[in-house]
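Subject: Structure handover

Hello,

I am passing this structure on to you. Below it are some notes on what was found.

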Amino acid sequence: MANEFSPQARKGLVLAGLIGSAWLLTLGLGFSLPLHQTSWLLIGCLVLLRSFLHTGLFIVAHDAMHASLVPDHPGLNRWIGRVCLLMYAGLSYKRCCRNHRRHHQAPETVEDPDYQRCTNNNILDWYVHFMSNYLGWQQLLNLSCVWLALTFRVSDYSAQFFHLLLFSVLPLIVSSCQLFLVGTWLPHRRGATTRPGVTTRSLNLHPALSFAACYHFGYHREHHESPSTPWFQLPKLREGSLI
């Protein structure tokens, strides 16, 4: 039946649900923690977990951009992508789709919005360039409204401000660095590969480490060669490919 979900879609939806649910649960946990009574080790672990789950939201949205999350249900596919990007950083699904399509059509060229054609591969300049193509005034306004709502939900504004910094702002910054480093700078930096005709390389990571690094986003050459393959199938695709 046309309305049934394929095995790929079912697995993608289950994983997306787990990531989204864990993101919401850890957000509630973080904001309920009495910081003055909580060890910094626990706080640090929760920040790292929140950062990893935050990256997961973008990875789910990234699959939606490639219509590989729910291939046979385009409306649901787009809706989940929009929700994940809003939760991630108030991002525009339409803008992200447009930029990411250009990245795949002409990687590492002047047409690629993710690529910084600089002579010294300066990572900070490249990061700023990368972020500027996705964060505009509308996105910053959306994000500010969400953060304000989280901050002023109770009377103790000062305490909530520190919770906001630790469990919303910091995970977003860490996540953006993770996505940029593993998914853009390392695979696409100048000199990353010297093979003729090959511009994108994959990181040589064990699947467990690849998942921890960025949901297998480091298997970047495989992703460019098969954009419709969802993130959780990239390790199998890599095993069967000639690197």
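How does the lining of the second largest cavity divide by class into nonpolar, polar and charged residues? It has five nonpolar, two polar and one charged. Here Ala, Val, Leu, Ile, Met, Phe, Trp, Tyr, Cys and Pro count as nonpolar, Asp, Glu, Lys and Arg as charged, and the others, Gly among them, as polar.

This is a predicted model, in which local features need pLDDT of at least 70 and side-chain atom pairs count only at pLDDT 80 or more, while totals for chains, interfaces and linings use all residues. Residues are numbered from 1 along each chain as its sequence is written, and side-chain values use heavy atoms, with hydrogens and water left out.

Cavities

On a 1 Å grid over the protein atoms alone, a cavity is a set of points where a 1.4 Å probe fits but cannot get out, and lining residues have an atom within 4 Å of a point. Grid points are joined across faces, edges and corners, and a volume is the space filled by probe spheres set on the points. Two cavities of 30 Å³ or more are present.

The second largest cavity has about 40 Å³. Among its lining residues are His62, Phe217 and Trp231, and helix 2 gives the most, with three residues. Helices are DSSP runs (H or I, at least four residues), numbered from the N terminus.

The largest cavity holds about 120 Å³. His62 and Phe217 belong to its lining, as do His100, His103, Asp114 and His220, among others. Its lining residues comprise five nonpolar, six polar and one charged. Helix 7 supplies the most, three residues.

Pocket

A pocket is an open set with protein on both sides within 12 Å along at least five of seven lines. The largest pocket has about 220 Å³ of space. Of its 16 lining residues, Tyr88, Met131, Leu135, Leu172 and Ser176 lie nearest its centre. Helix 7 gives the largest share here, four residues. The lining has 15 nonpolar residues, one polar and no charged.

Gln178

Gln178 is in helix 7 and is buried, at 15% relative accessible area (buried means under 20%, exposed over 50%, partly exposed in between, with a 1.4 Å probe and protein chains only). A polar atom of its side chain lies 2.5 Å from the backbone oxygen of Ala213. Leaving aside neighbours within four places in sequence, Gln178 is in contact (heavy atoms within 4.5 Å) with residues including Ser51, Gly183 and Cys214.

Regards

Key:
Helix = DSSP H or I, 4+ residues; strand = E, 2+ residues; numbered from the N terminus. Polar contact = N/O pair within 3.5 Å; in protein donor to acceptor, adjacent residues only side chain to side chain.
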